[in-house]
Amino acid sequence: MTKERLIYMIRTAAVLLAAFLLSILLNYAGIARENILMLFIVGVLAVAYCTRGYWYGIAASLASMLIFNYLFTEPFQNFAISDPNDVVTIAFFLLSALISTNLTVRFQKQMEVARENEQLARALAREQEQIQFAMEKEQMRSGLLRSISHDLRTPLTGIAGASALILENGRQLDRESIISLAKDINDQSDWLIQLVENILNMTKIDTGNLVIEKSPEAVEDIISNAVAHIKGRRENREIKTAVSDDVFIVPMDGRMMVQVLGNLLDNAIKHTKEDGKITVSVCKEGGMVWFTVEDDGTGIDESVKDCLFEEFTTFRPRGQDTGKGIGLGLAICRAIVTAHGGTIRGENREEGGARFVFGLPGDIPQNGGQS
């Protein structure tokens, strides 16, 4: 005998015992035996509900019939039946009990089939989600490789062309032409360095290996280094800095913070026209040092507002080439600022253009400096 069968037998016996005791109490209370008969039908339904299979319900039906016949039909405490009406009553009781048991068992089986179908549907849905996730991941990987290939090929082509021109026609070129070609090579090299740094840092971020090494850094020096870092890509844009009379010394990873400002400045350059204006300002408020980079360009498009700081988010207005980029810059900015315990946000300016603001905690002002 299996454990499951033993449990079902114990449940059946418990329900029958409860029905037997309750029927005696109802009989002493003067309840009509027709109502007591309903009690046994309820007991049979309870057995069918608490067990699995027809046999427990059938056994409960037969046992209930015998108990009722023995206790509540004349002659009492005897299995003989003297009144033909009692025979009909017991027969209908037994038939009703068997039909009820059959319906209950069928309902249970249908419920089990429904649960199995639901579990199967959930499993299929999970499998479909995994397949879709794998396809999206593969598409993202392919798109990333295409973007990186494109962004690498463009500056490499410029470097190769300029260097080949110098090698082939160096003697015929004047000094100004050579300096111009060398400047192009230097600018394209700067772009390649920034792209590689972004990719490496994003890899560290995704694997949880981004390490922040804080040390006291002068805010003015960080801004100067960031502006110098993108000097080859600023073209005719005007970049202004606005720092208060205090020289802020802030605990930060200077190299990474230069990359944050460099990415924000590069983003501003991409979305402003020639002769556009870009401003970098710093202020202190509420124990935080707030950096602001704003421009008078095209602003933040509504289609990317909700995912502005997510990976691979890019926007290029129709008919306008906003330059190179695979959508990692702002995602890296958020990760680095967050790792410093700060916050970052982006918004459109009322007068046009975009504004990016990030704050870092723990400033230590020193008097005597000037921006």
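## Helix packing

A crossing of two helices is called left-handed if the near helix is turned anticlockwise from the far one by less than a right angle. In this predicted model, helix H7 passes helix H8 in a left-handed crossing. The contact is formed by Met 256, Met 257, Gln 259, Val 260, Asn 263 and Leu 264 on the H7 side, and by Gly 329, Leu 330, Ile 332, Cys 333, Ile 336 and Val 337 on the H8 side. Sorted by class, these residues comprise 9 nonpolar and 3 polar ones, with no charged residues.

Two packed helices are described by the angle between their axes and the distance between the axes. For H7 (residues 254-270) and H8 (residues 329-339), the axes come within 9 Å and cross at roughly 145 degrees.

## Strand pairing

Strand S4 (residues 277-285) runs parallel to strand S2 (residues 238-243), and 6 bridges join the two. Within this pairing, Ile 239 has Ile 278 of S4 as its bridge partner.

S4 also pairs with strand S5 (residues 288-295), here in the antiparallel sense and over 8 bridges. Ser 281 stands opposite Thr 292 of S5. The strands S4 and S5 form a hairpin with 2 residues between them, and Gly 286 in the turn has a positive phi of about 60 degrees.

## Cysteines

A disulfide is a covalent bond between the sulfur atoms of two cysteines. A search of the whole structure returns 0 disulfides.

Cys 333, one of the H8 residues in contact with H7, has a relative accessible area of 0% and is therefore buried. Cys 283 counts as partly exposed because its relative accessibility is 37%, a value between the limits of 20% and 50%.

Methods. Residues numbered from 1 in each chain as written. Predicted model: local features only at pLDDT ≥ 70, side-chain atom pairs only at ≥ 80, totals over all residues. Heavy atoms only, no water. Axes fitted to C-alpha atoms, helices over the stretch in contact; angles between N-to-C directions. Helix = DSSP H or I, 4+ residues; strand = E, 2+ residues; numbered from the N terminus. Contact = heavy atoms within 4.5 Å. Nonpolar A, V, L, I, M, F, W, Y, C, P; charged D, E, K, R; others polar. Pairing = 2+ DSSP bridges. Disulfide = S-S within 2.5 Å. Buried < 20%, exposed > 50% of the residue type's maximum accessible area, 1.4 Å probe, protein only.
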